Amino acid sequence: MHEKDEEIRSIDEINEKIKRGDAVVLTAEEMIKLAESSGLEVAAKEVDVVTSGTFGAMCSSGVFLNFGHSDPPIKMTRCWLNDVPVYKGLAAVDGYLGASSMSETKGFDYGGGHVIEDLVSGREVVLRAESYGTDCYPRRHIETMITIDDLNQAVLVNPRNCYQKYDAATNSSDRVLYTYMGTLLPNYGNITFSGAGQLNPLCKDPNYETIGFGTRILLGGGVGYIIGEGTQHNPTSGFGTLMVKGDLKQMSRRYLRGASFHRYGTTLYVGIGIPIPIINMRVARTAALKDDEIYVDIRDYGVAVRPDLRPVVKRVSYAELRSGKVTIGDRDIPSSSLSSYKIAREIAETLKKWILEGTFFLTKPIEPLPKHGKPKPLKVKGRELKVGDIMSRNVITAKPNDDIKEVASKLVEKGIDHLPVVNEEGKLAGIVTSWDLARAIAQDKRRLEEIMTRKVITAFENESIDVVVRRMAQHNISGVPVVDRMNHVIGILTTDDVSRKIIGGRTAQ
Amino acid sequence: MRVKLIYSHSVVEKPILASIVLKTGIPINILEARINAQKGELIVSIPASGEKLEEILNLFREAGVKVQEFIETLRIDWEKCIACGACISPCPTRALRFREDWTLEFIEEKCVACGICVAACPVKAINMP
């Protein structure tokens, strides 16, 4: 047996010590300090349990609700809490309210996460439901006020929480992006990141030796359990996730908060604390891991591609991210977190207190978490429309020194609104629209180069129509020249092409 | 010192602010401006205090500009704030930062009331009055 595998203490022994009131419990920050001052061997010998904590936005969260039966009863087929849709593909008065379900009246400002916060705070919530009426459930409509106490069950079941760590975000594009990683300023203006790093539960046991199915945890301020690996669990790349459950009625608003990311949507901030029993040297070592030993990539959200394909700008430690600035090239770029380190710390302290008071005992996992595997991307079967499928290839262009009046008559003759301007080598130099020309003629301008827009928004032939349509809307323009990698104009795509040639997601015949 | 300057119809076309900058040598920074031919409102930051500040404010008053002092920039609801940090790195003037204990600190003197933090806050704890 390898020395690191040798058991220092068992979970049963730890629970005996908790019962007697002489267990040694440290938060992850305290463990780091002790390992630094006294060495890891001493720390491993002295410490029974290390407590971790995190408090961050976790969109894959929600609550199973049982409303109880009214008289006459209803088989709720559609249901809302404070105008937020509740999933009703369950039995008559069961529902699931997801954190990112958004209000039909308040949109981005209020969603499932906020309803969960309102419920946990004891506030009244409007329950509204509809049905088609059945012989056994004749009622077709109900509207009433409820609080959490009126519910038979309110069970938080979160399919994916507690990411081991998470890649940081920045933005190379020329405009502000509002993302689930917060506000990202243009031209690498800032960096945002998530996760508590050295306090993060799965970072403290990245080999999943003590954390597994059945592990008792602190969830939202109450007691909860790990019920499996989370969706998109990615142990191969060190991005493990957890599926957790707990009784909402035990939880508190302090560790469960509704939130909304501007122009992205609503979510729930969830507080989770997991005890790490120091069963061997390997676990002691990982429980003492510091921010400067935990690395993630900074990814560029300015490129609208699949999350795992977003370009990596730099690999960086949580210590550097948390310092408030990250050096990229010759620039210091401000960085800040989206999850609360302060509350993560408080959660680790709370869990420590529970264990010391003898009210929280440790559990041995009944099954380990998967240690290998990574999520697959979604393959889109069938061919999807690309810019090249609907752009006009007979593109009419002009030269920078062309006469404005001649160009204007050409536009009228051909009935077009957008005219890319190309230089001698056929490369894109600018663009003029019929509106630019009308104004130029009114102002008595002569040559195209005096009036053309030089910073041209373009598209590539193989780009998705959705991406380019969004780009046109963001820049408030109605057409883009399509260029090849050498910036030669090979076509033009206008909103007219899009509306005429696409009907209901298919190309028109 | 942050003040609001209200220009009436009769003075809106005069280069009052520029003249005062030239006369006093104090670089007054315009944070926000809403001006048309009828009237105008400027929010400015004047890097001066005491007598010098009073002198500048009087120059505005003498020129027919109404002066409102102490413009509040942001209002942070500390009960709502979860100290996540989402407002910190988007702030262009570093007016928001963490304290040693990871609570949020707002440095009002640095704030130019651009409002980017209002949108960045996930729990709507920041408002502009």
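Leu289(A) sits in the loop between α6 (281–287) and β24 (295–300) of chain A; helices here are DSSP runs of H or I with at least four residues, strands are runs of E with at least two, and both are numbered from the N terminus. This is a predicted model, in which local features need pLDDT of at least 70 and side-chain atom pairs count only at pLDDT 80 or more, while totals for chains, interfaces and linings use all residues. Residues are numbered from 1 along each chain as its sequence is written, with chains lettered from A and ligands numbered from 1 in the order in which they are written.

Is Leu289(A) buried or exposed? Leu289(A) counts as buried because it has 21 C-beta neighbours inside 10 Å. (Buried takes 20 or more other C-beta atoms within 10 Å of the residue's own, exposed 12 or fewer, and partly exposed is in between, with C-beta atoms placed from the backbone.) Setting aside neighbours within four places in sequence, Leu289(A) is in contact with Gln198(A), Cys203(A), Lys204(A) and Ile294(A); contact means C-beta atoms, placed from the backbone, within 7 Å. Lys204(A) is 85 residues away along the chain, yet its C-alpha atom is 6.8 Å from that of Leu289(A).

Now for chain A as a whole.

| Feature of chain A | Value |
|---|---|
| Helices and strands | 14 helices, 35 strands |
| C-alpha span along principal axes | about 95 × 70 × 40 Å |
| Buried share of the 509 residues | 42% |
| Share of contacts with a separation of 6 or more that join residues 24 or more positions apart | 68% |

Chain A is split into domain 1 (3–58 + 157–368), domain 2 (68–151) and domain 3 (387–507), with bounds from an automatic or database domain assignment. The C-alpha centres of domain 2 and domain 3 of chain A are 50 Å apart.

Where chain A meets chain B, 24 residues of chain A touch 16 residues of chain B. On the chain A side, the elements giving two or more residues are β15 (182–184), β16 (191–193), β21 (256–261), β27 (331–337) and α8 (341–357).

Chain B has a helix pair to look at: the axes of α1 (residues 16–24) and α2 (residues 50–62) of chain B come within 10 Å and cross at roughly 145°. Axes are lines fitted to C-alpha atoms, for helices over the stretch in contact, and angles run from 0 to 180 degrees between N-to-C directions. Ile16(B), Ile20(B) and Thr24(B) in α1(B) meet Glu55(B), Ile56(B), Leu59(B) and Phe60(B) in α2(B).

Definitions and conventions: Two residues are in contact if their C-beta atoms, placed from the backbone, lie within 7 Å.
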